[in-house]
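Q: Please take a close look at one part of this model for me. Pick a side chain, and follow it out into whatever it leads to.

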Amino acid sequence: MAKTASLQIDDKAYNLPVIQGTEGEMAVDTRRLRAESGYICFDQGYGNTGSCDSQITYLDGDNGILRHRGYPIEQLAEHSDFVETAYLVIYGELPTEKQRRDFGTLLRKNAAIETQMQRIFEGFPDDAPPMAMLSSIVASLAAHYPELATNSFEKDLQNFDLAAAMAISKLRTIGAMIYRYQNGMPYVHPKDIPFCENFLHMMFSEPYKDYVAEPEVAKALNLLLLLHADHEQNCSTSTVRMVGSSAANLFTSLSAGISALSGPLHGGANTAVMNMLQMIHDEGDDGTRFIEAAKSGNKSTRLMGFGHAVYRNFDPRAKIIGEACEKVLAKLGIEDPLLAIARNLEQAALKDDYFLSRKLYPNVDFYSGIIMRALGIPVNMFTVIFAIGRAPGWIANWREVASQPKGRIYRPRQIYTGPVTRDYVPMDKRG
Ligand code: CMC
């Protein structure tokens, strides 16, 4: 028999349906509560609100579990690569050999940025924040490919495969071009080579000297992107769903997701971690002084890369990245003093009651920056790399919203706490 929950308000009881997910997650369905009682649910920041049902990613923050379409992140990190995981996240199944080949071909065919679009770059100051450039240029895809961005779910879904491949592939090319533009270097066109190698080629090739990525370097980038591929209803993904729910096209919705990702509490945290580690290093601290300051409760001195809105246990991605970080640096023969500081901070925090009692553990951003630095990626590009990695998750979520026959526009309610009604006061009568 279907379960129900009962809510008693004054002398009236309201029966609310209970929903169960495939992993046993339970929810009380309050959709009819306001119509029946006049009450809404108050949940600032949506921390305890299920805004949708979704088949993409399962996350259990208490037990440090992350699975895409049922596959544990640890297995994907070990056996898969970014493009295959992107396919899985978007289409729901691991690709067959042919599907994987066709998807790769579609990505390669749609990697280039046409000349007219290239001119958009010139409108930006050469020190513009890369994420501001990225969200604007991705938004412009809707203007350059209007046939794929009609703002009709039905029509946009008909062209979904092409739009999705374009978004993944061009976002990566745009990222590399932003780097070249900011450094006054000519753009490098994509080649017919694998996804990560192509990105590194477009970033680092010199005139008459093609950059050919070492296998360890391409593998490390693959791992980084794969680990970011999706992460349930985080701030940027929920933003993509919210914008998409108005029937806005894929490119426009992705651009909004990129903007949401740029904040330091979300995707910008990897940059903040590196700045923090560099500052600690420059001040000659081994992390001890910083740890003390981080416990003040002051948001500006938080230990960046620690804590997570949903993990109250280790972030499984941080475990994988932390281990990979040692290996990548060893393989590349790099000794980074910031790695030693990060290890000190981690060990000190994991022994400290402040962090233990608040269940604050390293998150994905704590070590990812050290790997990116080893690959030669500058700090101001870190969040762009995160965006390239997260694109499959955003795309899959947009598609879910667009495909739901009974979906409705996202429109939360609020509790108003401003002044009650009052009469307009003419200017000459205002104190
Ligand atoms: N350093 C020191 N104290 C912290 C930290 C931290 N990094 N994070 C949380 N706290 C404290 C916070 O001050 C509060 O203390 P008290 O209970 O005494 O008031 C307690 O821990 C709970 O914090 P909260 O703000 O309720 O936690 P939250 O779940 O709202 O915030 C967070 C999660 C990720 C925004 C926060 O932990 C944070 O600011 N971390 C640093 C930024 C960071 O690394 N962000 C990347 C997140 S992972 C990438 C992604 O998926 O976006």
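**Arg172 and its surroundings**

A: Start with the side chain of Arg172: one of its polar atoms sits 3.1 Å from the backbone oxygen of Phe195. That's a polar contact, meaning N or O atoms within 3.5 Å, one able to donate a hydrogen and the other to accept it, with sequence neighbours counted only if both atoms are side-chain atoms. Bear in mind that this is a predicted model, where local features need pLDDT of at least 70, side-chain atom pairs need 80 or more, and totals for chains, interfaces and linings use all residues. Numbering runs from 1 along each chain as its sequence is written, and side-chain values use heavy atoms, leaving out hydrogens and water.

Arg172 belongs to helix H9, residues 160-182 (helices are DSSP runs of H or I, at least four residues; strands are E, at least two). Its relative accessibility is 2%, so Arg172 counts as buried (under 20%; exposed is over 50%, partly exposed in between, with a 1.4 Å probe and protein chains only). Skipping residues up to four places away in sequence, Arg172 touches Leu107, Ala111, Phe195, Asn198, Phe199, Met202 and Ile388, contact being heavy atoms within 4.5 Å.

Follow Ile388 and you land in helix H20 (382-403). H20 is among the elements covering the buried residues of helix H16, along with strand E5 (65-68) and helix H2 (73-79). Those buried H16 residues include Arg317, Ile320, Ala324 and Val328.
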